[in-house]
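The report that follows is meant for someone meeting this protein for the first time. Please keep the sequence and the structure in view while reading.

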Amino acid sequence: MISKGNLAAGIAWLVLIPLTGCGGSDLPPPPRQTMISHFAPDAPDTIETVLVDPLPVASAHLTLPDGRTIAPVSLDRDRQVYSDNTPSLPNIGVGVSGGSSSRVNTGFGIGFPFFGGGGGSTYTASMTTSRLRFLVPDMNAYRGGWQHWILHLDLDDGANRRSIETLPPAPPLQ
């Protein structure tokens, strides 16, 4: 004989399994914030910096140890908007209760959004990939003291801004 609890649990699994694929999006998540600097493979005296961030690079410079600055020879930006629309779907709940001195009880429930109730949710994010190239004027001077050079980036979208300062990459092996 099948008890009500076992019957309810069996029905819950029969309802849950087909609905596990419902909801959400098959779109990949937006990329993570990253910053990579290296010397260009095609130009051994050129530093390439790629920054993935919600804010675009508005300006940048490479500061030499004597205080002079070098502007990038190129600055390209590519903004991508990521959106995830989660539609209103039935809500499913499964519960188990019980303890050492009582029976184990199971239950489940299904909620259906009527007349648009419950609404879907929308998540929107934008990420900008900024690509910069700096021409190093004297590779011998760079090799001798690259740890004293500063890579400075100003990020700005018109409403938010911040700056990043870091060491440029180590020089390539000769």
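Predicted model: local features only at pLDDT ≥ 70, side-chain atom pairs only at ≥ 80, totals over all residues.

The partner of Asp 53 is Arg 162, with which it forms a salt bridge whose closest N and O atoms are 2.3 Å apart. Because Asp 53 belongs to strand β2 and Arg 162 to strand β10, the pair ties together parts that lie 109 residues apart in sequence.

## Overall layout

The protein has 174 residues, of which 24% count as buried. Its secondary structure consists of two helices and ten strands, and along the sequence these elements follow the pattern α-β-β-β-β-β-β-β-β-α-β-β. Among the contacts with a separation of 6 or more, 67% are made by residues 24 or more positions apart. The accessible surface comes to about 11600 Å², and carbon and sulfur atoms account for 56% of that area.

## An open sheet of four strands

Four strands form an open sheet in the order β4-β3-β9-β10, and their pairing is antiparallel. The edges are taken by β4 (69-70) and β10 (161-166), each of which has a single partner strand, so that one side of each is left without a neighbour in the sheet. Within this sheet, β3 and β9 are paired in the antiparallel sense over six bridges, and His 61 has His 152 in β9 as its bridge partner.

In soluble globular proteins, nonpolar side chains tend to be buried together. The largest nonpolar core of this model holds 19 residues, and the members that touch the most others are Ile 47, Leu 62, Phe 134, Val 136, Tyr 142, Trp 149 and Leu 153. At least two residues of this core come from each of β2 (43-53), β3 (57-63), β8 (121-135), α2 and β9.

Tyr 142 has a relative accessible area of 0% and is buried. Apart from its neighbours within four places in sequence, Tyr 142 is in contact with Phe 39, Ile 47, Val 136, Trp 149, Pro 168, Pro 169 and Pro 171. Trp 149 also counts as buried, at 3% relative accessibility.

## Aromatic rings

How many aromatic pairs does a search of the whole structure find? The search finds two. In the pair of Phe 39 and Tyr 142, the ring centres are 5.4 Å apart and the planes stand at 75°, so the arrangement is edge-to-face. Since Phe 39 lies in strand β1 (residues 34-40) and Tyr 142 in helix α2, this pair ties together parts that are 103 residues apart in sequence. Both Phe 39 and Tyr 142 are buried. For Tyr 142 and Trp 149, the ring centres are 4.8 Å apart with the planes at 75°, so this pair is edge-to-face as well.

Trp 146 is found in the loop between α2 (139-145) and β9 (150-156), and it counts as buried at 17% relative accessibility. Leaving out neighbours within four places in sequence, Trp 146 is in contact with Leu 167, Pro 168, Pro 169, Ala 170 and Pro 171. One of these, Ala 170, is 24 residues away in sequence, with a C-alpha to C-alpha distance of 6.8 Å.

Thr 129, in strand β8, counts as buried at 16% relative accessibility. Not counting residues up to four places away in sequence, Thr 129 touches Val 50, Leu 51, Val 52, Asp 76, Arg 77 and Asp 78.

## A network of charges

Side chains of opposite charge can pair when their charged atoms come close. The count of salt bridges in the model comes to four, and Asp 42, Glu 48 and Arg 133 are linked in a network of them. The side chains of Arg 133 and Asp 42 meet at 3.7 Å, N to O, joining strand β8 to the loop between β1 and β2 across 91 residues. Arg 133 also meets Glu 48, at 2.5 Å, N to O, a pair that links strands β8 and β2 across 85 residues.

Technical notes
Residues numbered from 1 in each chain as written. Heavy atoms only, no water. Buried < 20%, exposed > 50% of the residue type's maximum accessible area, 1.4 Å probe, protein only. Contact = heavy atoms within 4.5 Å. Areas by Shrake-Rupley, 256 points an atom, 1.4 Å probe, with all protein chains shown as cover. Core = buried A, V, L, I, M, F, W, Y, C linked by side-chain atoms within 4.5 Å. Pairing = 2+ DSSP bridges. Phe/Tyr/Trp six-rings, centres within 6.5 Å; stacked < 30°, edge-to-face > 60°.
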